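Hi everyone, thanks for coming along. I'd like to walk you through one structure, starting at the ligand and then moving out to a strand and the core.

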Amino acid sequence: MERKYNFNPGPGVLPLPALERAAQALIDFEGTGLGILETSHRSKEFTVVIDAATERLRRLLGIPDDYDIGYFQGGANLQFSMLAMNFLPSDGAADYVDTGTWSSRAIQAAGYVGKANVVASTKEEKYQRVPRWDEVTWNETAAYAHITSNNTIYGTQFQSFPDTGKVPLICDMSSDFLSRRIDVSRFAMIYAGAQKNVGPAGVTLVIMRKDMLDRCPDTLPPMLNYSKFLAKKSTYNTPPVFSIFMVGEVLRWVEENGGLDTVEKNNDKKAGLLYGLMDEDPDFFRGTAKADSRSKMNVTMRLPSEDLEKAFLAEAAEKGFVGLKGHRSVGGIRVSIYNAMSVEGVEKLVAFMKSFRKSH
Ligand code: PMP
């Protein structure tokens, strides 16, 4: 079977070695004679899986000891609500930076719980850039400050993180988690749906500074209470066993292939290839993100006409390049180049884009 070049925004491409190990584990997990889908989440074999994944993540990202790592269901969308339920008092307010659809969702979810103050928004500019930190004034009394590190739909990304002083910084890192080195100690909480860089849909990773857990209200039921859920090591109920197994395999692949330094170097290279091509002739592949806000994960562009975009998608698909259609809310073309997309895959796509430009 010929595998295609998968540029889908998520669920997206996964590393072949991780998929191959999963294929094997579906039938016989670690020689137990049971498949991973048939394995108890309380078994010693699965305990090894979840502990190993957690330890790998800790090593790869350099997560300090005063942070807990958890595996949640309900996607990043549940985190939008849950973080507000845990950290936003009903008579309090939290600061939010609005940089696109997913930040807006987070703001909307918080509004059900308390007050979400939008301290900066680039909505008026069609979200073509992220704000500079010197444009943002944080409230000293905010319960927390919330940002979205990478805007999957608009192809924008923060290249630095703000200093919010004593106000805990919470970040939705769904679409650039594990794509580059970050200083975890700058954040009170990081969360990310796994389905872009770290695994399949069905599990959301949460990295939580332990002092935040003192704030979780006792009135919340355990499934929605970070303190209680994390105290049970993500097994308060049946966790998504297979998704967590896959996360472990993807992390193994990252670690065995040079770790985050290699990941980051490759991601820089892939993004450089695409933006380099776009900059050669900005009237053909016209980037929609402002240069200083460009994402290294989702490269968004328009072609001179919608007909050309259609032709581009059709010809690309014929050549085996799939998942390139922009989000339905913005149209155009979006090239998602998550960790498991090889430099070679992007080189091939860029060669195709050049020939398409020439012939049209
Ligand atoms: N945040 C970001 C940055 C995303 O890209 C997405 C999904 N595309 C979400 C949140 C929503 O994630 P989920 O579907 O896991 O709820």
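**The ligand and its surroundings**

Let's begin with D172: an N or O atom in the D172 side chain is 2.6 Å from a nitrogen atom of the ligand. That is a polar contact, meaning a pair of N or O atoms within 3.5 Å; within protein, one must be able to donate a hydrogen and the other to accept it, and residues adjacent in sequence count only if both atoms are side-chain atoms.

Before going on, a word on the source: this is a predicted model, where local features need pLDDT of at least 70 and side-chain atom pairs count only at pLDDT 80 or more, while totals for chains, interfaces and linings use all residues. Residues are numbered from 1 along each chain as its sequence is written, and side-chain values use heavy atoms, with hydrogens and water left out.

One of its oxygen atoms is 2.6 Å from an N or O atom in the N77 side chain, and a polar side-chain atom of K196 lies 3.0 Å from a ligand nitrogen. How much of the ligand does the protein bury? Taken alone, the ligand exposes 400 Å², and 86% of that is buried by the protein (Shrake-Rupley areas, 1.4 Å probe). Helices here are DSSP runs of H or I, at least four residues, and strands are runs of E, at least two, numbered from the N terminus.

**Strand β12**

Now to β12, residues 298-302, where 5 of 5 residues are buried, that is, under 20% relative accessible area with a 1.4 Å probe, protein chains only. N298, T300 and R302 point one way, and V299 and M301 the other. In a regular strand, side chains alternate between the two faces of the sheet.

Which strands does β12 pair with? It pairs in the antiparallel sense with β11 over 2 bridges and with β14 over 4 bridges; pairing takes at least two DSSP bridges. R302 is the bridge partner of R286, and M301 stands opposite I333 in β14.

**The core**

V335 is in contact (heavy atoms within 4.5 Å) with residues including V299 and M301. In the largest nonpolar core, of 84 residues, V335 joins L61 and F177 in touching the most other members. Such a core is a set of buried Ala, Val, Leu, Ile, Met, Phe, Trp, Tyr and Cys residues joined through side-chain atoms within 4.5 Å.

How values were computed:
Buried < 20%, exposed > 50% of the residue type's maximum accessible area, 1.4 Å probe, protein only. Lists of a residue's contacts leave out its neighbours within four places in sequence.
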